[in-house]
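These are my notebook entries on a single structure. I record what I looked up, region by region.

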Amino acid sequence: MQTTTSRKRSREWFERAQGSLVEGVNSPSRGEAVYSGGPTFLERGRGSRVWDADGNEYVDFMMSFGALMQGHAHPKLVSVVSETMAQGSHFAAATSAEVEAAERFRRMVPSAGVVRFTNTGSEATMLALRLARAHTGRAKFLKFEGHYHGWYDPYLLNAHSHPPGESGTPEEPARIPDSEGIPPATFDDVVLAPWNDVAVLESIMQRHGHELAAVITEPIMANMGCILPRDGYLQRLRELTQENGVLLILDEVVTGFRYAPGGCQEYYGIRPDLSTFGKALGAGFPVGAVAGPRAILDRMRWGANMVLHYGTFNGHRLTMKVVAANLDLLSGDGTYRQLHAIGDAAVAGLRDVFRSRKVEAIVQGFGPMFQIYFTQRDAIHSYRDYCAHVDALRYSQFVHRLLDHGIYMTPANGLHWIISTAHTEGDIQKLLEAADQACGEMA
Ligand SMILES: Cc1ncc(COP(=O)(O)O)c(C=O)c1O
């Protein structure tokens, strides 16, 4: 059954958008680079559903790249926003709203001695690195291939996938900048390593540990789909950083407030020195955060030798009110149990569909976040596995079919499926029916 009847209006908007926006969008991940034939223009959302410019209805599993933890237009957030707006959205002055948001944040994230709010995840990771460099007096840092930490210059090395022949060796990965316009010398301070391989990590840390300010890692690799850490990997990383006086920055922009109240650091029992947040924290409003002990974050205190962090919109009042209300909702009884149960049902159901349709595909991840890989492998453990063994084109074709069957998702295989508190068993049923149809059409 084809549920999407027409995309005529989306096409018209996209054509019109070419006149005033680069590629007709505000980020390449939303345009023709990902959506063949152009994007679907979304106009309205409620709960787990969105409607496009032509009136087609979809169950949304992209949820603003995971930002919409409470789905669309949650009634409590709608009333908080309208009440706050009526009193003034932002003063760029001290407010009780930012205190209330920070107190709730600290209650949920055990490593947060204090918190500093930013406007995006990119700003948070930028600030975390500056703090780590100031705190250790070292300039270099280690990042992993295939990890994305926002669009700040030094992070833009090997964040995208490349043909497997271009990866170099695990000990000496090829260094491939993701953007023009970055002076090559920026990357002189970056040590690049493959992720999820303890032996290679130990050897690279032996060579470089003494000169690193920080190692930054995603706890679950979320920008090559959904790649879980091997047992003990994060723990060993924690030990190696501690032994070398290197700060561990856990980038929880995707995973924070998603897997557990305290994010993956709670789920995997890791205590980072600094952690960064975004996405789910703001329930659809632009926000980021850096959390950690006072001994590090206090370096931002005003005075000689301070770490500078300014921002007109930091602690934006309207956003802070949403953050506090969102964290209250997430702290409710059973929230995470429900997110995990619904997500696990989707994962199990999709696996059944692929098995019964004899499609070579795996579903990786669990609970609130997962990804589908068309591959002959049993599991994808790293960037190199992803580049060599994942058929991203087939995934894109699959998702384009789902879009025709009332399921909204990005066709980019590097992203991931998101379960919000608004998703129901009925939504999963709809997904499984659409997936079954799509598999049948692709056979
Ligand atoms: C792990 C990770 N860190 C940082 C960022 C940057 O966050 P933002 O897009 O809010 O700047 C992202 C964005 O996708 C991310 O996935």
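Which residue stands opposite Val59 in β13? I found Ile407 there. I worked from a predicted model, in which local features need pLDDT of at least 70, side-chain atom pairs count only at pLDDT 80 or more, and totals for chains, interfaces and linings use all residues. Residues are numbered from 1 along each chain as its sequence is written.

Entry 1, strands β2, β3 and β13.
I took helices (H or I, at least four residues) and strands (E, at least two) as DSSP runs, numbered from the N terminus. I counted two strands as paired if DSSP finds at least two bridges between them. Strand β3 (residues 57-60) is joined by 2 bridges to strand β13 (residues 407-408), and the two run parallel. With strand β2 (residues 49-52), β3 pairs in the antiparallel sense over 3 bridges. Val59 is also the bridge partner of Arg49. The hairpin of β2 and β3 has 4 residues between the strands, and Gly55 takes a positive phi near 90 degrees in it.

Entry 2, the sheet of 7 strands.
I read the order of this open sheet as β4-β10-β9-β8-β7-β5-β6, with mixed pairing. At its edges are β4 (114-118) and β6 (190-193), each of which pairs on one side only. The twist averages 20 degrees from one strand to the next; for angles, axes are lines fitted to C-alpha atoms, for helices over the stretch in contact, and values run from 0 to 180 degrees between N-to-C directions. Strand β5 (residues 140-144) runs parallel to β6, joined by 4 bridges. Phe141 stands opposite Val190 in β6.

I called two residues in contact if their C-beta atoms, placed from the backbone, lie within 7 Å. Helix α6 lies across β5, β6 and β7, at about 160 degrees to β6. Helix α7 lies across β7 and β8, at about 145 degrees to β8.
Which residues of α7 (residues 233-243) are buried? They are Leu234, Leu237 and Thr241; buried means that 20 or more other C-beta atoms lie within 10 Å of the residue's own. They cover an arc of only 55 degrees around the axis, which puts them on the same side of α7; the arc is that of the directions from the helix axis to the C-beta atoms. These buried residues pack against α6 (198-208), β7 (212-217) and β8 (247-251). Gly245, which follows α7, has a positive phi near 65 degrees.

I noted a second open sheet, in the order β11-β12-β14, with antiparallel pairing. β11 (361-366) and β14 (417-418) each have a single partner strand, so one side of each is left without a neighbour in the sheet. β11 and strand β12 (residues 369-374) are joined by 6 bridges, and Val363 has Ile372 as its bridge partner in β12. Helix α11 (residues 335-356) packs on this sheet, touching β11 and β12, and its direction makes about 170 degrees with that of β11.

Val323 is found in helix α10 (residues 317-330). I recorded it as buried because 27 other C-beta atoms lie within 10 Å. Not counting residues up to four places away in sequence, Val323 touches Ala101, Leu281, Gly282 and Val287.

Conventions. Buried ≥ 20, exposed ≤ 12 C-beta atoms within 10 Å, placed from the backbone.
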